[in-house]
Amino acid sequence: MSNAAPMAPDDGPGHEPLDVAIIGAGIVGLACAQKLLGAGRRVTLIERHGVAEGASFGNAGALAFSDILPLASSGKIRQAPKWLMDPLGPLSIRPGYALKIAPWLLRFWRAGWRDRIQRSIAAQGAMMQVAEREMDVLLAEAGLASMVRRDGSLELYEGEAEFRASLPGWQARSAHGIGFEHVRGERLAFLQPGLAPLFTAGTFVPGWRTVSDPHDFALALAAAIRARGACFLRREVAGVAPTEGGVAIRLADGQRLIAAAAVVAAGAWASRLTEQIGDRIPLETERGYNTTLPPSAFDVRRQIIFGGHGFVITPLTTGLRVGGAVEFGGLDLPPNFARSAAMLRKAQRFLPGLRPEGGRQWMGFRPSLPDSLPVIGASRASPRIVYAFGHGHLGLTQSAGTGRLVRELVCGEPSSMDLTPFSATRFG
Ligand SMILES: Cc1cc2nc3c(=O)[nH]c(=O)nc-3n(C[C@H](O)[C@H](O)[C@H](O)COP(=O)(O)OP(=O)(O)OC[C@H]3O[C@@H](n4cnc5c(N)ncnc54)[C@H](O)[C@@H]3O)c2cc1C
């Protein structure tokens, strides 16, 4: 997405068979590599672009371990018709994409049924525990702890009705031991000075963290794993298939590599590989937009979340990032940066005094499954081909946890948690 980003290193394929090949060097692939190195495995990341130039490049930087509610929760589904009415609102479908996305949306709606939503919350809650624990281990091992802010997040509500509508969600989080504080008046103004008076209440989540900048964080992780022996190949993978005692990886340039195991961590593009080996997974992309302003644009004290408008503002070391939103439009349509501009205009209204000049716009492809859970598990074709994709809005948050679970699958270790809700076959 960025021309300024450094190229991926290319260590060349060598002549030996690979041990573990990881397809995709986004934050998920990098974290898988880090955890596999910890188990003594040799790791090669195969990436067609630079390190973390996909969704992992410009996201909002949150380690949102408390975010256990699936998107299909009733509050969001209730808001969807209103959101869809506004062509630049928090949720949109690009003209011509409505028919394509319809089956996914049907599954999404079903994922919001009461029994399913409870199962999803339980699964996501368990995943977040592993994610938080493993992120702490990763930060310590890779020496990245100083790249993480621990000052929580502040979700804001425009009036009592919006605040009350949020309460069932907080109750569900409370049942999973997640700490938060509803705030008003002076406490609200202390947590974020300069808010427009239309925000009468907020919820402070102290355990929420943010990275200094997601791309810088991923590059630092890439440097750390490279120092431990991980290799990088700058190539596109055209196909992956089981072979006797291993996995055959076909590169787009016609070359063929053999590995003992392969991890598909190809983000929103993963289903192009999984379909070839018989796993049809309803992976879609929720395209997200933002603008990164110079750091001096406003004094934002911690990540602030405008849930009713589907966007957040994050103070990063590289600037103030304003954005979010969900656009269904697939992987090929060009971005519509009017969406970034629309969120920036709202941010100016919500933080009077925010200076909107000098921003960099970005669009990224969230890899999303209808039930808001990633796919983490073996392929149908072979236990040696392991999937790790589809983390939607939470790939950075769940990267280290996914890495741990992938390590257990690849190395045949006991699993840290029940992976049934994350299986590639759960969609039938
Ligand atoms: C606007 C926005 C805000 C977000 N905010 C947050 C947040 O605050 N916190 C959070 O946790 N998450 C957030 N997310 C989600 C997060 O960015 C993603 O879930 C995460 O980056 C996915 O990581 P990944 O490694 O799976 O995918 P990617 O980063 O997209 O990486 C996949 C990589 O695979 C490579 N690849 C694909 N196919 C092939 C192939 N055939 N051969 C070789 N290479 C291939 C791609 O080039 C790419 O580099 C946000 C997303 C967006 C868009």
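The crossing of helices α1 and α10 is right-handed (left-handed if the near helix is turned anticlockwise from the far one by less than a right angle, right-handed if clockwise). Helices are DSSP runs of H or I of at least four residues and strands are runs of E of at least two, numbered from the N terminus. The model is predicted; local features need pLDDT of at least 70, side-chain atom pairs count only at pLDDT 80 or more, and totals for chains, interfaces and linings use all residues. Residues are numbered from 1 along each chain as its sequence is written.

The axes of α1 and α10 (residues 399-411) lie 7 Å apart, at an angle of about 50°, which makes α1 oblique to α10. Axes are lines fitted to C-alpha atoms, for helices over the stretch in contact, with angles from 0 to 180 degrees between N-to-C directions; angles under 35 degrees count as roughly parallel, over 145 as roughly antiparallel, 65 to 115 as roughly perpendicular and the rest as oblique. On the α1 side the contact involves I27, V28, A31, C32, Q34, K35 and L36, and on the α10 side S399, A400, T402, G403, R404, V406, R407 and V410 (contact: C-beta atoms, placed from the backbone, within 7 Å). By class, this contact has eight nonpolar, four polar and three charged residues (nonpolar: Ala, Val, Leu, Ile, Met, Phe, Trp, Tyr, Cys and Pro; charged: Asp, Glu, Lys and Arg; polar: the others, Gly among them).

Helix α10 also meets α4 (residues 114-142), with axes that come within 6 Å and cross at roughly 95°; the two helices are therefore roughly perpendicular to each other. M127, V130, A131, E134, M135 and L138 of α4 contact A400, G401, G403, R404 and L405 of α10.

Helix α1 (residues 27-38) and α7 (residues 214-227) have axes that come within 10 Å and cross at roughly 30°, which makes α1 roughly parallel to α7. Their crossing is left-handed. Residues I27, L30, A33, Q34 and L37 of α1 meet A218, L221, A222 and I225 of α7; this contact has eight nonpolar, one polar and no charged residues.

Helix α1 also supplies at least two residues of the shell around the ligand, as do β14 (284-293), β17 (319-328) and β18 (360-368) each. By class, the shell has 19 nonpolar, 19 polar and five charged residues.

The chain averages a pLDDT (the predictor's confidence in each residue, from 0 to 100) of 94, and 97% of the residues score at least 70.

Notes:
Two residues are in contact if their C-beta atoms, placed from the backbone, lie within 7 Å.
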